Amino acid sequence: MSAEKYGPEYQESRTGAMVGTGQPEEEMSVGRYAATRISTLKPPMAKAPNPFKLLAMLNTQQWLFFLVSFLAWSWDAFDFFTVSLTVTDLSVAFDKTKADITWGITLVLMLRSVGSIIFGVAADRYGRKWPFVVNNILFIVLELGTGFCQTYNQFLACRALFGIAMGGLYGNVAATALEDCPEAARGIVSGMLQQGYAFGYLLATVFARALVDTTKHGWRPLFWFGACPPILLIAFRLCLPETQSFIERQRVRQAGHNIGKTFVAEGRVALKRHWLLLIYLVVLMAGFNFMSHGSQDLYPTMLTNQYNFSANAVTVTQVVANLGAMTGGTLIGYCSQIFGRRFSIIFISIVGGALLYPYTFTSSKAVIAAAFFEQFCVQGAWGVIPIHLMELSPGSFRTFVVGTSYQLGNLVSSASSTIEATIGERFPLPPKGKTSRYAYGKVICIFMGCVYAYVIILTLVGPEYRGRHMGVAHDADLQEAAGAEAVDRIAHADAHRTNSDEVSDEEKWRRM
């Protein structure tokens, strides 16, 4: 079967071309690559479509894939924040210091990368559905287990296992929500998906208020309640099939000599061709995680310790900041489809850097406005990340690469609050009674300024595959591993079926 049947973009993919540039990756020298970093940053200025029309491009199945992914990612965040919102209660229950309890948070962050590797490989080999189901079964068991813990060691054991389960979900939901998504709608859907994390934090804040210390069981009902929604998520996911992209890829593997051997061959090809890109993604995600943790983790402490905010005032500020995060992630994700992924990240990072002074040096309630717009910028940059990682990742290992790069970056940045707190103690303020006070705002401002610069530089030097085709017909790695003949046969059959039974996404967009 000749490549000409699928057009020039398919032919480029046969030579390993970078979609969007037409430049074969293997043929680009280091000097040529460096010379194109500025020129490729120029915004493509794609047509700015009506976002509601973009969302209307998703068919029912694609909407259901997005919805189950968004809800799962939101509840994943809810389960994570149950500990950080009950640190004081847990320290009393287990007769430990607050620092001891925060080890439960640290263990989760440390072991998430283990889960991303295990569940990422499983999802790329066996499909998105069943690893998702196992993930959520573990959430149920471990949230219930945490709620019934009687000793500190039991608590740490449950949270360590929860870290493995939590680490396996991000790559799975990103692949489920985005790999079948119409190309024109990827940016806005990516931004909406990422903000499930902020939405989960808001839910955790609300239910912590409603459930903690409102019964004789104290903090435990929050964890028991956290185990309930995953039951519904499992039922929801079982009603849905695998994504079309995975089904197509699995058919190519079946057309080869052996599914398992083909999958292993894909792994070897991916490592051989993309090892440097994989390292880059981990380093990039370390910067992004430093950005979120550095701007958020110590911020409530700054408000209470340095600026004497009440607990209610801190809660209001945090809620408003998260509303800004959800707004920014969705809007900048949408804009990345127009201006490009790298340009959008760099632009919003520069704006976020300009807002650091009011974010950290405003001592009145007016800081709420600064918090809204600073988190608008932080999560605005994050809103581009799910689809940016999906487009950069090797097709055969999207779940593994997206999840593992994100979680390894999280691991690197897990000490953000400790670094800021330790440096902050070098800038003491006049104490309030017996309470020591520190200029945490100054430290957060300087730290975040460095992080923004780091993210801007890394994004500038990195690649961008905006608009990359995610089907097997455009996957040179799979062609090398499974054989071009197998790929041609499946791609031709799918193309014939699509042309006969469906209207293309581009045609639907032209008709709007």
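Over which ring does the charged end of R112 sit? Over the ring of F80, 5.6 Å from its centre. A charge counts as sitting over a ring if NZ of Lys or CZ of Arg is within 6 Å of the ring centre and within 35 degrees of the ring normal. R37 gives another case: its charged end sits over the ring of Y33, 3.9 Å from the centre.

Some ground rules. This is a predicted model, where local features need pLDDT of at least 70, side-chain atom pairs count only at pLDDT 80 or more, and totals for chains, interfaces and linings use all residues. Residues are numbered from 1 along each chain as its sequence is written, and side-chain values use heavy atoms, with hydrogens and water left out.

Now the overview. The protein has 26 helices and four strands. Those are DSSP runs, numbered from the N terminus: helices are H or I with at least four residues, strands are E with at least two. Of the 512 residues, 56% are buried. Buried means under 20% relative accessible area, with a 1.4 Å probe and protein chains only. Next, contacts, meaning heavy atoms within 4.5 Å. Among contacts with a separation of 6 or more, 83% are between residues 24 or more positions apart.

Back to the rings. There are 31 aromatic pairs. Rings of Phe, Tyr and Trp (its six-membered ring) pair if their centres lie within 6.5 Å; planes under 30 degrees apart are stacked, over 60 edge-to-face, the rest tilted.

Take W73 and Y406. Their centres are 6.2 Å apart and their planes at 75 degrees, so this pair is edge-to-face. W73 is in helix α4 (residues 60-84) and Y406 in helix α21 (residues 398-413), so the pair ties together parts 333 residues apart in sequence. Both W73 and Y406 are buried.

Then F94 and F155. Centres 5.5 Å apart, planes at 35 degrees, so the pair is tilted. F94 sits in the loop between α5 (87-93) and α6 (98-126), F155 in helix α8 (residues 152-167), so parts 61 residues apart in sequence are tied together. F94 and F155 are both buried.

Ring pairs also build a cluster, whose members include W73, F80, F288 and Y406.

Last stop, the strands. β3 (residues 428-432) and β4 (residues 435-438) run antiparallel, joined by three bridges. Strands pair if DSSP finds at least two bridges between them. P428 stands opposite Y438 in β4. The two strands form a hairpin with two residues between them, and G433 in the turn has a positive phi of about 65 degrees.

Definitions and conventions
Buried < 20%, exposed > 50% of the residue type's maximum accessible area, 1.4 Å probe, protein only.
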